[in-house]
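Dear colleague,

Please find below the structure for your records. My notes on its contents follow.

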Amino acid sequence: MQEFEKTISFGGRDIHLRGGLLAPQAGGAVLVQSGETAVLVTATRSAGRQGIDFLPLLVDYEERLYAAGRIPGGFLRREGRPPERATLICRLIDRPMRPLFPQWLRDDIQIVATTLAMDEQVPPDVLAATGASIAVLLAKIPFYGPMAAVRVGLVGDDFIINPTYKEVETGDLDLIVAGSPDGVIMVEAGANQLPEADVIEAIDFGYEVVQDLIKAQLELIKELGIEIVTEQEPETDPTLATFIEEKTAAEIKEVLKQFSLTKPERDEKLDAIKAELANAINALEDDSSIKVAVAENGKALGNTYKSVTKKLMRQQIVDEKVRVDGRQLDEVRPISCRVGLLPKRVHGTGLFQRGLTQVMSVATLGTPGDAQMMDDLHPDEEKRYLHHYNFPPYSVGETRPMRSPGRREIGHGALAERALVPVLPSKEDFPYVIRVVSEVLSSNGSTSMGSVCGSTLSLMDAGVPITKPVSGAAMGLIKEGDEVRILTDIQGIEDFLGDMDFKVAGTDTGITALQMDMKITGLPLSVIADAINQAKPARLHILEKMLATIDTPRAELSPYAPRLISFKIDPEMIGMVIGPGGKKIKAITEQTGAKVDINDDGTVTVSAIEGEKALQAKALIESIVFKPAAGDVFVGKVTRVIPIGAFVEFMPGQEGMVHISQLADYRVAKVEDEVNVGDEVIIKVREIDGRGRVNLTRLNIHPDEAAAAREAAALR
């Protein structure tokens, strides 16, 4: 391909595109740069595979730490397993791209985005997403694009396009909008309890810029003499579909109208119809075109039967506005909530059930040392709130090997995490590291929002002082021609057979997280706005059920949760607390059983299961960093005796000298006549000289001062 360069200006930002230079054997490749962040995006297509019934699209996002001038940690000193943020960016690229490929396409398609350089101003994720569209167009892969993505931030009262990391951190909104020529195709957002109207306005603001980026892509491929490829869908024999619909439509409709059926019962009846259908096909003549088609393609029967079922279910919703379980379009399934289900050794438990979807979330409180250290390109170095999501096979009545978390699990956990972060207490008010694990025990749609609700319950049960409880609902959509039906609280079959999965989480004040995915090529903003507004009463209804179970965070933590005490010391004194080779801090830990974490800014956090142990460790640390003043009275121990006086340790590691003339209110001939090594004495700081030496005295100490000193010593 010929080399090209093009600069796109929008929203006060520039994106520089460069192609034809790098990765010449890839199907299409483009280097996308903004500021000092540069991402190479490639798209490659391989020959189709026989026997598969899905689009084999693979999206990879690769981070190289050299991009930020860093060398990886660990023994190998090279990049290893992708960090979670890299997995989330893979999903961010995949989700808006996948609906824009022809669903009949069976060729292997791989998109690889590699961050080659990055500053701390421009996040690479939206550059990679837009670059994916350009790379696919350059590769001449069938595509209903172009597609573009932008980030929208809110700083003060102003929306800004592609904000910096700092602007995202200090603002009230982090929203990504992706769109095609047909409309908005993906939305992902974290928000600080923003009203629905503000979020809708932000999506509209972002999509306007998306349209500019789409226009720029069309101009680019026109300049390069490239046409968007629109291959025709392979012709299929309609005979099989007609035969299946004629044979099964009446029975399927009857099952779909049996609203009292549970999911397993409905699945069993539909499977029975399919089995009868298979028997009917087997009874046909051997030369029947229908029998031959099924024999040649083992998946033809199942796929066509699934298509017929999908068509009839969608028809029922569009024409009759009735769902398969009999609910109205805006009706939420029955809800139940429980807290404190597990023993108190578990710090907090929330069990949330909506219909057949059941999620148990477990909260654990840890010390600052439990924070997750981040070894990726993002400026944040640690996370103090961790949300993990598990989806075992038994939750859908299946068997399969249990592996490490996949992209879906990581994505759902991140969405729930984003929904709850805005309501967590500050580190200063609640210095705990918090981990919540959501175990999906039964799944029939909207488990990610179930994990948001369950996690809110578990945090309140654990005594985490969240500012407001958060609930969430998943919205769906059926679009047939101009007819659109928005569904509240979608269940599994509606998610699978519908056109949209739109998750909305928030408090009674506003939205904290959004995630919208499409199976069609785009939606107008008006439909998205209707979905957001329809989600609000559902969220509030769910929230009411949750608050009926637990309305405020518990006043007391679990007796097995660590007790934390956080305080400040002079950063210059950190070395004194740690001691040579960590000797002093190890001694404190061994003596008290408490764990001590010290930050570079001098913040010390002491943790122990027993609060008294934490107080004891705090007293020991404070004694090390204590700076005495004239007039302070202590109980000390004589450590050395010399002819002119005695040295007394009045705080751990701190000592001063009592001159022989200050040992008594009469003349002392010999120091040993008054004190000896190991004696406990009451002393007062007489002065601190110009060289920082502490001079002590035993004279003029009031009995009340002596009593207070003994009480303080007892605490230490």
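**Findings in the predicted model**

Helix α5, residues 238-256, bends by about 55° at T248. Helices here are DSSP runs of H or I with at least four residues, numbered from the N terminus, and the bend is the angle between axes fitted to the seven residues ending at a position and the seven starting there. T248 is also among the buried residues of α5, as are L240, F243 and I244; buried means under 20% relative accessible area with a 1.4 Å probe, protein chains only. The buried residues of α5 pack against α6 (263-282), α7 (289-296) and α8 (300-320), where contact means heavy atoms within 4.5 Å.

The largest nonpolar core has 92 residues, and L175, I203, F502 and L514 have the most contacts inside it. Such a core is a set of buried Ala, Val, Leu, Ile, Met, Phe, Trp, Tyr and Cys residues joined through side-chain atoms within 4.5 Å. Helix α4 (residues 196-223) supplies the largest share of this core, 12 residues. A second, separate core of 69 residues includes V294, L420, V452 and I493.

The whole structure contains 0 disulfides, a disulfide being a pair of cysteine sulfur atoms within 2.5 Å. For C337, the nearest cysteine sulfur is that of C453, 7.4 Å away. C337 is buried at 13% relative accessible area, and C453 is buried at 0%.

The model is predicted: local features need pLDDT of at least 70, side-chain atom pairs count only at pLDDT 80 or more, and totals for chains, interfaces and linings use all residues. Residues are numbered from 1 along each chain as its sequence is written, and side-chain values use heavy atoms, leaving out hydrogens and water.

Yours sincerely

Technical notes: Buried < 20%, exposed > 50% of the residue type's maximum accessible area, 1.4 Å probe, protein only. Helix = DSSP H or I, 4+ residues; strand = E, 2+ residues; numbered from the N terminus.
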